[in-house]
Amino acid sequence: MDFIRVRASADGAETISYWTGDVYGWQDDDGPHHLFGFEGINVARAVEADGGWQLLTREAALYLDPRTREVLDTWDNPFTGRAVEVQHVFNDPVNQRLGAYPVPETRLGEQVVYNIDVRLAYPSPLKVADYPANSASDTYRALELFQFFVAAKDLDSGVADVPCVFSWCRVSPWLPWMAMGQRGGGLVYHCRGAKVPEVPERLRERVGERFLHAPDEWSGPNMTSWTAFADRVRR
């Protein structure tokens, strides 16, 4: 499967994907507002299993001041006027099964583009009745749009690990730690990135050793910002 060589490496080696971008938010009849910068890493390992592939990953990302690009630990919410503690992304694991369906591919001259459009709608781990300040709905709905760009010559070379750059856009509800309740509106993430040889220094310092390496075996369920928030407040 060519896409495995683009997203990770077909020989089982770890690959590091780095991204950077911005997060925008709007309320009904207000916005959009530039709320955060955003940068992160995903460390992945691809393993053949059950006639397909397991993509074993964990990821971490930091919310940044949109102007200075410094890491935020507290945030003055302009919608509510209250300061809140920022909960950065530490998702472990973030695993996928690939191979059952082909990934859409578009050849554009000397470039190949793979796109994955993920439409999400499932019961939220944060029910409104239990988390009225932190949950927009009893159903989590979001849209995640990925594009992976590679040189056709690299893809056709047969190498196990194909260099790529990528884009990612997410439309999602307010984050739980923003304490927006059931206010109308939501967030748009707009990021771009690439496979890189090593984790950038600021992320290496902030995320800890565990997030510098991919998992060795399949585990579940996957972690999200919503399940991480639920785990944190239940402790």
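This is a predicted model: local features need pLDDT of at least 70, side-chain atom pairs count only at pLDDT 80 or more; totals for chains, interfaces and linings use all residues.
Which residue forms a salt bridge with Arg170?

Residues are numbered from 1 along each chain as its sequence is written, and side-chain values use heavy atoms, with hydrogens and water left out.

Select strand β1, residues 15–27; helices (H or I, at least four residues) and strands (E, at least two) are DSSP runs, numbered from the N terminus. Of the 13 residues in β1, 10 are buried, where buried means under 20% relative accessible area, exposed over 50%, and partly exposed in between (1.4 Å probe, protein chains only). Tyr24 has His34 of β2 as its bridge partner. In the hairpin, two residues lie between these strands, and Asp29 takes a positive phi near 65 degrees. Next, display strand β12 (residues 186–196), which pairs with β1 in the antiparallel sense over 11 bridges; here Trp19 is partnered by Gly193.

**The nonpolar core**

Now show the side chains of Val6, Phe38, Tyr63, Trp75, Tyr114, Trp177 and Met178, which have the most contacts inside the largest nonpolar core, a set of 48 residues. Such a core consists of buried Ala, Val, Leu, Ile, Met, Phe, Trp, Tyr and Cys residues joined through side-chain atoms within 4.5 Å. Strand β2 (residues 30–49) gives the most to this core, with five residues. Centre on Trp75: beyond its neighbours within four places in sequence, its contacts (heavy atoms within 4.5 Å) include Leu35, Phe36, Trp177 and Met178.

**Salt bridges**

The structure holds 14 salt bridges, each a side-chain nitrogen of Lys or Arg within 4 Å of a carboxyl oxygen of Asp or Glu. Select Arg170 and Glu144, whose closest N and O atoms are 3.9 Å apart. Arg170 lies in strand β11 (residues 165–172) and Glu144 in strand β10 (residues 139–151), so the pair ties together parts that are 26 residues apart in sequence. Arg170 is buried at 11% relative accessibility, and Glu144 is buried at 14%.

Move to Lys195 and Asp161, a salt bridge with closest N and O atoms 2.6 Å apart. Lys195 belongs to strand β12, and Asp161 to the loop between α2 (152–156) and β11. Lys195 is buried at 16% relative accessibility, whereas Asp161 is partly exposed at 36%.

Terms used
Two strands pair if DSSP finds at least two bridges between them.
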